[in-house]
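Me: Can you walk me through this one? I'd like to go over the metal site and then a strand.

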Amino acid sequence: MQVVPVPCLKDNYAYLVIEGGSAAVVDPSEAAPVEAALAKAGVALRAIWATHHHWDHTGGIADLVAAHPGIEVVIGEADAEKVKHITRTVSDGEEIEFGSHRVRVIHNPGHTLGAVTYLVDGNAFTGDTLFCAGCGRVFEGTPQMMHESLMKLAHLPGDTKIWCGHEYTASNLRFAAAVEPDNKDVAARLAALTTPSVPATMAVERATNPFLRDAQPSVIASARAQGLTSDEPWNVFAQIREWKNNFK
Ligand code: ZN
Ligand code: FE
């Protein structure tokens, strides 16, 4: 299995997941770069897997379906009615077949209520739930919900490759350094950063992503300095998320 990042729009990533002569595409925000990547790889599009309903992850679906009639178009259950051309909705723990592989769906409500991660062959397509060194904004769920969603992902094996929805890693790492000025892994990651920054590994995320580290004393101390009065992990998460919303 091969994963090909396809830069789209200003800072989005779609991904081709290639097995034999077949491809699925994750989060096609626009069709043209995806078509170019399919042609370059010489593979046929079989499926679209959308991580959530936002236009910058689904905007290319209509054109791709028109050009490749009959393909499967998948999205999480609670996001389905907001997007046209969906052929299949999925929920937590469900599996999709792709060639000889099984793709596991992890429901991650928070950024949207139907947000999902697709996990296949050690690759996690996390959309706008988990970013490299950061996480998405909590638009539809509650901070508690988003925290639980991130904790589900945090338990994936350390060598899991993280392919996220946007190239936000540089600014995310600058924020991570503000949260944990003494975290040497954050400093080293920032110093070594190249673009594209995907894939990261879950081990690196656990060591550097402040949104996966809300049980760490260093992160709790920084959240307290921002006004937090509780040590509950999801309260720590909420405080750090709020701080990031206003960080520049
Ligand atoms: Zn989004
Ligand atoms: Fe997005």
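This is a predicted model: local features need pLDDT of at least 70, side-chain atom pairs count only at pLDDT 80 or more; totals for chains, interfaces and linings use all residues.

Me: Which residues coordinate the zinc ion (ligand 1)?
Reply: H52 (NE2), H54 (ND1), H111 (NE2) and D128 (OD), at 2.1 to 2.3 Å. Donors here are N, O and S atoms within 2.8 Å of the metal (3.2 Å for Na, K and Ca); water is not among the atoms, so sites may look incomplete.

Me: And what does D128 bridge?
Reply: D128 links the zinc ion (ligand 1) with the iron ion (ligand 2), and the two ions lie 3.2 Å apart.

Me: Where do H52 and H111 lie?
Reply: H52 is in the loop between β4 and α2 (55-58) and H111 in the loop between β8 (101-107) and β9 (116-120), so the pair ties together parts 59 residues apart in sequence.

Me: Is H52 buried or exposed?
Reply: Buried, at 1% relative accessibility; buried means under 20% relative accessible area (1.4 Å probe, protein chains only). H111 is buried too, at 4%.

Me: Switching topic: which strands pair with β5?
Reply: β4 (residues 44-49) runs parallel to β5, joined by 3 bridges, and β6 (residues 88-90) also pairs with β5 in the parallel sense over 3 bridges. Strands are DSSP E runs of at least two residues, numbered from the N terminus, and two pair if DSSP finds at least two bridges between them.

Note on methods
Residues are numbered from 1 along each chain as its sequence is written. Chains are lettered from A and ligands numbered from 1 in the order in which they are written. Side-chain values use heavy atoms; hydrogens and water are left out. Helices (H or I, at least four residues) and strands (E, at least two) are DSSP runs, numbered from the N terminus. Buried means under 20% relative accessible area, exposed over 50%, partly exposed in between (1.4 Å probe, protein chains only).
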